[in-house]
Amino acid sequence: MYKLVIKGGKTLNGSVKIAGSKNAALPILFASILADGPLILNNTPHLSDVSTTLRLLMDMGSEFILESDNSLFVDSSKLTKLTAEYSLVKTMRASILSLGPMLAKYGEAKISLPGGCAIGMRPVNLHLKALEDLGAKIEVKNGYIHASAEKLIGTDVHFEQITVTATENILMAATLAQGTTTIHNAAQEPEIVDLANCLIKMGAKISGAGTSVIIIEGVSNLSGATYTVCPDRIEAGTYLIAAAITGGKITLKNIHHQSMRAIIRKLIETGAEIKCDKTSITLDMKGRKPKAVNVRTSAYPNFPTDMQAQFCALNSIADGQATITETIFENRFMHIPELARMGAELSLEGNTVISKGVKSLTGANLMATDLRASASLVLAGLAAQGTTTIERVYHLDRGYETIEEKLKLLGADIQRIQD
Ligand code: EPZ
C-alpha cells in the first residue's frame, strides 16, 4: 500500500491539464456492450476505476487495446459471459452500469449487487424498478441481480428521485428497446450528456439529454464509434480549491467552464478571482485567505455533492463561519473527524457541517476513507503547517490521475511512498 507525505504551506502556482471525466468514461465504457463493433475512446483518464471497468468487461469477453497515441480501443461486441462477478463489482459500484446494456443487447444479465460504501447504503432499487418498467424480469438472490427480457419495450419511466447512474442505465437500455422511452425526472449531469452524445455517434436516437426529460427512440442495433470523453469537472474543481486554499494562482487546461458554474460561483464568493476562456479556467487568490461560504449540495446544475468534502477543507481555514449541507448521501462526512485532527473547528448537526475558520491547520497522520474525502485531506495537507501523511491512497487513485505529479508541477511538496 502507498501513502502520501505532504509538507504544507507552499503556495501553488502554474497550470495543469485536466483529464477525461471518470463519471463519463465509466458509463461510456459500459455502452461498448451495446455496439456491434469497437469503440475508440480518446481522453479516457488513467484511473483505477477505469482499469476495474476494463477488467470487468474483459472477464465477460471484451477485448481492449491501449494504443500508443493514448486512445483506447474497446470491443465488447461479442461477450462470452453475461455475469459481473462479485470479486470485481465489490471494488466499484458503477459496475451496475453493465446491467442495462447487457439486458438490451443479450436479453439477460447476472450482476453482483454492489454493496454500500463509505458514503452510504447506495441502493439500486430505482435502477431495477425502471428496468422492470421496460419489461425486464428481475430477481435478487444470493447477492446477485438475475435479470432477463425477451425484448425491452419502450415506455414512460418516472424516477421518484434524481439518480445519475440509474438515468444512465435506462438511457443505454432504451437505445435498443422496441419503441420510444421517455425518462422523466432524469438526472441532468454533463456526464449524461457525454454518454448520450457517444450513443448518438453509435446510431442511437436520443433527445433531451441534459434536461429532466430524455426521449429515446429504440433502434435495431448500434455500431462502434470514435469518441472523446469530456473533461472531469470534479478533478478541475479540486485543483481550483488547491489554488484557493494555498492563496495561489492556477490555470486549468482542457476544461469547459460551462459545466462548473455552481462551483465557480461559490469560489468567487470566497474572494477568488476567476477568468474563463473556451478551454481553460484561471483562479487567482492573490495571496489572500478565502472567505467562508455556505454550501448546499443537490443535483446538477446545482452545487455537486462530489465537491462537498473539498469545500469543507477550504472553509476550515477560511475567514468566518459557514454551513455545508449534504442532501444527496447520508454519510458523506468521513473527512470531518480527520480534518478535526488537523485542528479544523467543524461540528456536525444532522446533514450539516458548521465550520469556524482557524488561522491554520497543523499536519497530522490521516486515513483516507473514500474518494472525495481523500481529496479534501490532500487539500488540507497542502495548506497545513508541517507534515501530513495520508494512508490508503488507493481511494484517491480511483478518481484522480497521478495527483501527486500534478500537484508537484504546481509547487507542492508531496511524495508518494510505500507504506
Ligand atoms: C453518481 O453516483 C456518481 N458516480 C457519484 O460520484 C455522484 O456523487 C452521484 O452520482 C451523485 O451526483 C458515477 O457517476 C459513477 P445517484 P450514483 O444514483 O449514480 C439514491 C464520485 O465521487 N439512490 O445519483 O450512484 C442514492 O442512495 C462518485 O465520483 C437510491 O436510493 O448516485 C443517493 O442518495 C461518488 N436508489 C441518491 O439516490 C437507487 O437505485 C443519488 O444517487 C439509486 C440511487
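**Close-up views of a predicted model**

**View 1. The shell around the ligand.** The ligand is surrounded by 21 residues, of which Asn 125, Thr 163, Thr 165, Asp 306 and Ile 328 are the closest. By class, this shell comprises 8 nonpolar, 7 polar and 6 charged residues. At least two shell residues come from each of H1, H5 (125-133), H6 (164-174) and H12 (371-383), and H5 gives the most, with 3 residues.

**View 2. The largest nonpolar core.** Within this core of 76 residues, the members that touch the most others are Leu 99, Leu 131, Leu 152, Leu 171, Leu 199 and Met 202, while helix H1 (residues 22-31) gives the most to the core, with 7 residues. Beyond its neighbours within four places in sequence, Leu 171 is in contact with residues including Ile 183, Ile 192, Leu 195 and Leu 199. Another core, of 66 residues, lies apart from the largest one and has Ile 264, Leu 314, Ile 317 and Ile 324 among its members.

**View 3. The surroundings of Phe 64.** Phe 64 belongs to strand E4 (residues 63-66) and, with a relative accessible area of 32%, is partly exposed. Not counting residues up to four places away in sequence, Phe 64 touches Leu 54, Met 58, Leu 72, Phe 73 and Val 74.

Note on methods. Residues are numbered from 1 along each chain as its sequence is written. This is a predicted model: local features need pLDDT of at least 70, side-chain atom pairs count only at pLDDT 80 or more; totals for chains, interfaces and linings use all residues. Side-chain values use heavy atoms; hydrogens and water are left out. A nonpolar core is a set of buried Ala, Val, Leu, Ile, Met, Phe, Trp, Tyr and Cys residues joined through side-chain atoms within 4.5 Å. Buried means under 20% relative accessible area, exposed over 50%, partly exposed in between (1.4 Å probe, protein chains only). Helices (H or I, at least four residues) and strands (E, at least two) are DSSP runs, numbered from the N terminus. Contact means heavy atoms within 4.5 Å. A residue is near a molecule or strand if one of its heavy atoms lies within 4 Å of it. Ala, Val, Leu, Ile, Met, Phe, Trp, Tyr, Cys and Pro count as nonpolar, Asp, Glu, Lys and Arg as charged, and the others, Gly among them, as polar.
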